Amino acid sequence: MFVHFGTELLRPEWSKAIVCIGTFDGVHLGHQEVIRTAVAAARAAELPCVVVTFDRHPAATLHPSKCPTPVASLEENLSAISALGVSIAVVLPFNAWLSRMAAERFLREMLIGTLRAEAVVVGHDFAMGNEREGTTDWLAARIETTVVPPFRLDGERVSSSAIRAAVVRGDVESAHRMLGRPFSLDGIVVSGQRLGRTIGYPTINLARTFEQVLPLDGIYAARAEFDGVTYLAAVSIGIRPTIGGTDRTVEAYLLDFPGHSLYGRAATLRILHRIRDEAHFPSLEALKVQIALDVEVVRGLLIGK
């Protein structure tokens with residue numbers, strides 16, 4: 001999949017395309033259904049499938065105080081979109097200028113004029129343009145439009161809001177089911193207090209690059225990825241009360257790790273299961289005993305799966 005940031009340098013030589021547009025935070029099962037519908041229509045018409053999305057949630061510009069915390073990074077969203085067979089993704093900066101653009105102008109200049117849309121595919125709750133005037137009915141009156149109905153799992157509608165709520169309450173298993181893949185945290189490995197080394201369980205500390213929804217404080221079974229190499233991990237999210245911590249951190253003990261330095265490396269933690277709540281222990285020795293138990297739980301949950 002080709003990715004274009006903005007349309008300023010985009011010079012499409014195709015005459016027609018199927019265009020799919022949406023925020024797609026997390027690219028969950030509902031988003032995937034919308035995008036797959038667009039890809040199928042493009043394949044049937046032998047045309048490119050162009051996905052239009054944004055560099056931030058529209059609320060970050062329109063209503064910053066009410067903007068939901070992202071489920072996933074833009075990079076993860078684009079990777080998930082690419083896996084669905086999309087030809088081109090166009091990432092638009094959702095700035096004040098774009099937010100004020102009338103729906104008619106966006107349709108004529110951007111979707112039809114620049115991207116050559118012959119037809120569009122959108123989700124059931126889609127709307128575009130200033131004051132969300134470009135509803136699905138409005139679109140259908142002006143261009144061939146496919147509106148994909150809500151995607152339901154176990155009778156409940158899948159949405160970014162539902163995933164966000166599941167993550168916040170620590171229900172990463174439900175988030176996994178709605179996303180169709182594990183909920184992930186991305187960041188850079190940085191040096192911490194290095195107390196884990198003193199008890200035989202050195203951890204990596206994750207410095208995140210953007211504000212992302214975090215699971216409820218506690219211990220989780222995860223898979224940690226660095227440069228294409230994966231390790232099982234016991235991940236701690238919280239303030240680390242045993243050592244008097246006050247700031248919320250993300251750190252992980254990597255099982256069977258050979259021991260070389262990972263500082264400065266990009267890392268992805270794929271959070272799979274919640275093991276227990278965060279707890280205060282009377283001593284580092286008591287914490288060490290509990291970590292040993294946590295590690296065995298991780299092995300039992302993840303080895304061979």
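Two strands are said to pair if DSSP finds at least two bridges between them, and strands themselves (E, at least two residues), like helices (H or I, at least four), are DSSP runs numbered from the N terminus. The structure is a predicted model, in which local features need pLDDT of at least 70 and side-chain atom pairs count only at pLDDT 80 or more, while totals for chains, interfaces and linings use all residues. Residues are numbered from 1 along each chain as its sequence is written, and side-chain values use heavy atoms, with hydrogens and water left out.

**View 1. Strand β11 and its two partners.** Three bridges join β11 to β12, and these two strands run antiparallel; within this pairing, Ile 188 stands opposite Ala 207 of β12. β11 also pairs with β16 in the antiparallel sense, over six bridges, and here Ser 184 faces Arg 270 of β16. Six of the eight residues of β11 are buried, so that the strand is mostly covered, where buried means under 20% relative accessible area, exposed over 50% and partly exposed in between (1.4 Å probe, protein chains only).

**View 2. The largest nonpolar core.** A nonpolar core is a set of buried Ala, Val, Leu, Ile, Met, Phe, Trp, Tyr and Cys residues joined through side-chain atoms within 4.5 Å. The largest one holds 31 residues, of which Phe 183, Phe 226, Val 235, Leu 254 and Ile 271 touch the most other members. At least two residues of this core come from each of several elements, including α7 (160-168), α8 (172-179), β11 (183-190) and β16 (266-277). Apart from it lies another core, of 27 residues, among them Ala 17, Val 120, Val 122 and Trp 138.

**View 3. The surroundings of Ile 271.** Contact means heavy atoms within 4.5 Å. When neighbours within four places in sequence are left aside, Ile 271 is in contact with Val 172, Pro 182, Phe 183, Leu 185, Tyr 220, Ala 221, Ala 222 and Val 235.

View 4. Leaving aside neighbours within four places in sequence, the residues in contact with Ala 234 are Tyr 220, Glu 251, Ala 252, Tyr 253, Leu 255 and Val 298. The C-alpha atoms of Ala 234 and Arg 223, which are 11 residues apart along the chain, are separated by 8.5 Å.
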